[in-house]
Amino acid sequence: MNRKPTTEELLALKGTEVPLGELLALFDVRVRRPWNVHEIAQALTDAGLATLPDFANCAPGERVHIVAFAAAVHVTPESDEAEEAERDPLPSAALPQRLLIGDLPSARGGVQCVSLTAELSQATYLMRQRGYAQIPVTTGMTTVHGVVTWRSLALMYERGKEVGLENAMQQDSLPLADARQEFFSCLPMLLEHGYLLVRGEDGSLSGIVTQAHVIRRFESAARPFFLLGEIESLLRRWLGAGLTEEAIKAVQTNKKPEHRSGKVEDLTFGDYVYLLNGEQKKPIMAQQADLNWAALQCESLDRGQFVRHLQRVKDIRNRIAHFDAEPLPFESMRELTAFTNLLRDYAS
């Protein structure tokens, strides 16, 4: 966290309502992470303040009230209410934030350059050694003179020009983007050139984005959505075939009795957990979950491990549905893949 507002600045907000983004911006933060959430929460607590709803868990587009810390403590929901809220669908405000070109890791990961006085062989050696398709030619990291690409090298030889760095580089219409530009507005330039040089907020080159980077980023973002879609489809097929309408209605307690459909397609992901978890707090629900598990006739499946895995998948789903800007960690991807394969054996 690069900036921490003073206690006076925070106290000036007491009693006001601000968009979540404005609160985060006070701390020079765009995306919530465990470490910066902890620091922001500590700063608010030190000032005797809190937010309603809790800024750490609310949807990205939500507005928060800045209140005295004691006031926030008094409105903490009871455990039963919290359980019911957990089962509700994610709020409509949980929509993707604007994607910036700087949100791609390679846009801020640095870029290998050569100076204008370098030999052409230095540039081509780096391209071969590191598998680069382009090398910027710069003075410092702010002035870009051109870019050596395999295409520009071929053109130099094709046109019979003297072999040298200046003749080997593309100099006109360089694909330069600002890290704060919207990603989709930069796509035409990326498609035309195959890469983008990205400038950071200080004007210096902060990274390079290629088509391969975009493909990898969107593969890592899209694959979890498809896995979760298959998981939910398989769960509905499996549970719908084995459970009665009454068993399904029993977990639709967040709806009025006349609105409980008894249809598995009307359940939220949290409801799947309640259908099968024999260790939940409400005895009546735990007993019904025991009956549900017996009805599924899957004696070879370890129930405890299955339910815990299902709960972890639910948590991963919630993270994805809130459009965390960071790619899903490898461990989470492994959890989704393993659970999908498991369900295929039982529900396919």
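Two strands pair if DSSP finds at least two bridges between them. The legends below describe close-up views of a predicted model.

Figure 1. With strand β5 (residues 134-139), β6 forms an antiparallel pairing over 6 bridges. Here T138 has V144 of β6 as its bridge partner. The hairpin of β5 and β6 has 3 residues between the strands, and G140 in this hairpin adopts a positive phi near 65°. Of the 7 residues of β6, 5 are buried, and the strand is mostly covered.

Figure 2. The whole structure contains 7 aromatic pairs. In the pair of F269 and Y272, the ring centres are 5.3 Å apart and the planes stand at 70°, so the arrangement is edge-to-face. Planes over 60 degrees apart are assigned to this class. Both residues belong to helix α12 (residues 269-276), where 3 residues, about one turn of the helix, separate them. F269 has a relative accessible area of 3% and is therefore buried. Y272 is also counted as buried, because its relative accessibility is 0%.

**Figure 3. The aromatic pair W293 and F306, between helices α13 and α14.** The rings of W293 and F306 form a tilted pair, with 5.8 Å from centre to centre and 50° between the planes. W293 lies in helix α13 (residues 283-296) and F306 in helix α14 (residues 303-321); the two residues are 13 residues apart, and their pair links distant parts of the chain. W293 and F306 are both buried. These two residues also belong to one aromatic cluster, formed by W238, W293, F306, F339 and Y346.

**Figure 4. Packing of helix α10 against helix α13.** Two packed helices are described by the angle between their axes and by the distance between the axes. For helix α10 (residues 211-242) and α13, the angle is about 95° and the axes are 9 Å apart. The two helices are therefore roughly perpendicular to each other. On the α10 side the contact is made by W238, L239 and G242, and on the α13 side by W293, A295 and L296. The residues of this contact are 5 nonpolar and 1 polar, with no charged residues. W238 and W293, which take part in the contact, are also members of the aromatic cluster with F306, F339 and Y346.

Figure 5. F183 is found in helix α9, which spans residues 183-193. With a relative accessibility of 1%, F183 is counted as buried, because the cut-off for buried is under 20%. Apart from its neighbours within four places in sequence, F183 contacts L99, L100, I101, L104, V214 and F218. Between F183 and L99 the C-alpha to C-alpha distance is 5.7 Å, although the two residues are 84 residues apart in sequence.

**Figure 6. Overview of the protein chain.** The chain has 15 helices and 10 strands. Of its 348 residues, 40% are counted as buried. Among contacts in the chain with a separation of 6 or more, 58% are between residues 24 or more positions apart.

Key
Residues are numbered from 1 along each chain as its sequence is written. This is a predicted model: local features need pLDDT of at least 70, side-chain atom pairs count only at pLDDT 80 or more; totals for chains, interfaces and linings use all residues. Side-chain values use heavy atoms; hydrogens and water are left out. Rings of Phe, Tyr and Trp (its six-membered ring) pair if their centres lie within 6.5 Å; planes under 30 degrees apart count as stacked, over 60 as edge-to-face and the rest as tilted. Helices (H or I, at least four residues) and strands (E, at least two) are DSSP runs, numbered from the N terminus. Buried means under 20% relative accessible area, exposed over 50%, partly exposed in between (1.4 Å probe, protein chains only). Axes are lines fitted to C-alpha atoms, for helices over the stretch in contact, and angles run from 0 to 180 degrees between N-to-C directions. Angles under 35 degrees count as roughly parallel, over 145 as roughly antiparallel, 65 to 115 as roughly perpendicular and the rest as oblique. Contact means heavy atoms within 4.5 Å. Ala, Val, Leu, Ile, Met, Phe, Trp, Tyr, Cys and Pro count as nonpolar, Asp, Glu, Lys and Arg as charged, and the others, Gly among them, as polar.
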